[in-house]
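Hello,

Here is the structure I promised to pass on. Please open it first, then read my notes below.

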Amino acid sequence: MTQKVIVFDFDGTIADTVEALVGIANRLATEFGYRQITPEQLAYLRNLTSREIIKYSGVSLLKIPFLLKKVKSELKNKIHEFQPIPGIQEALTELKNQGYKLGIITSNSKENVTAFLENHELENLFDFIYSGVTIFGKTTIINNVLKQKQLKTQAVIYVGDETRDIEASKKANIKVVAVTWGFNSPEILSKQKPDFLIHHPRELLEIVKNCC
């Protein structure tokens with residue numbers, strides 16, 4: 001029987017970084033020419049797809065790679081402050097103990113992710129961490145990982161908190177679990193029709209057991 005592989009997004013899915021990311025984005029708004037995010041606007045943005053958010057912000061697509069690089073640099077200084085999503089440590093540990101292979105695909109830097117995992121003694125749970133700078137090219141990154149790791153699509157489940165995670169997973173022909181504790185709202189995630197929509201990390205255990 002093929003070993004199941006559970007691939008996680010990092011920010012908002014494993015690490016509670018959403019508030020910090022909003023703060024960093026606001027500090028960089030003037031430099032990169034987009035609107036700052038008020039609390040009211042944040043509630044609105046949570047109900048938009050990733051593409052709609054980019055359009056709403058007014059940021060130039062050409063500037064996005066440079067913006068992401070700056071955000072990752074600022075996150076490095078805060079990585080020691082971040083905490084895991086409540087319940088995710090226990091779920092990850094149980095999945096690993098049950099023999100599943102775990103990985104991370106993220107637009108954050110591998111250095112930041114590794115530092116966070118080490119801070120919370122989670123580094124031994126993951127078989128791979130793959131970092132790629134992209135907003136809408138996550139399908140390409142997923143496909144690259146599948147090829148490099150020689151993973152069969154039917155054995156892979158992706159877990160993420162944004163609409164772009166659902167979109168990318170569908171295009172890569174892998175199952176996707178959308179989580180409601182990250183950036184996007186349950187409503188907009190549901191509209192994207194993920195294979196599963198969950199509200200607490202413990203729900204992952206039952207899904208993985210019965211999926212694929």
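Helix α11 (residues 203–210) lies across β1, β4 (156–160), β5 and β6. Its direction is about 160 degrees to β6. Here, lying across rests on contact, meaning heavy atoms within 4.5 Å. Axes are lines fitted to C-alpha atoms, for helices over the stretch in contact, and angles run from 0 to 180 degrees between N-to-C directions. Helices (H or I, at least four residues) and strands (E, at least two) are DSSP runs, numbered from the N terminus.

A word on the source: this is a predicted model, where local features need pLDDT of at least 70, side-chain atom pairs count only at pLDDT 80 or more, and totals for chains, interfaces and linings use all residues. Residues are numbered from 1 along each chain as its sequence is written, and side-chain values use heavy atoms, with hydrogens and water left out.

Now the sheet. It is open, and six strands form it in the order β3-β2-β1-β4-β5-β6. The pairing is parallel. Two strands pair if DSSP finds at least two bridges between them. The edge strands, β3 (128–131) and β6 (196–198), each pair on one side only. On average, neighbouring strands are turned by 20 degrees against each other, direction ignored. Strand β5 (residues 175–179) is joined to β6 by three bridges. Valine 179 stands opposite isoleucine 198 in β6.

Next, the aromatic rings. Rings of Phe, Tyr and Trp (its six-membered ring) pair if their centres lie within 6.5 Å; planes under 30 degrees apart count as stacked, over 60 as edge-to-face and the rest as tilted. The count is three aromatic pairs. In one of them, phenylalanine 10 and phenylalanine 116 have ring centres 5.2 Å apart and planes at 80 degrees, so the pair is edge-to-face. Phenylalanine 10 lies in the loop between β1 (5–8) and α1 (18–27), and phenylalanine 116 in helix α7 (residues 110–119). The pair therefore ties together parts that are 106 residues apart in sequence.

How buried are these two? Phenylalanine 10 has 0% relative accessibility, so it counts as buried. Phenylalanine 116 is also buried, at 0%. Buried means under 20% relative accessible area, exposed over 50%, partly exposed in between (1.4 Å probe, protein chains only).

Tyrosine 44 and tyrosine 56 form another pair, with centres 5.4 Å apart and planes at 55 degrees, so this one is tilted. Tyrosine 44 is partly exposed at 43%, and tyrosine 56 is partly exposed at 23%.

Best wishes
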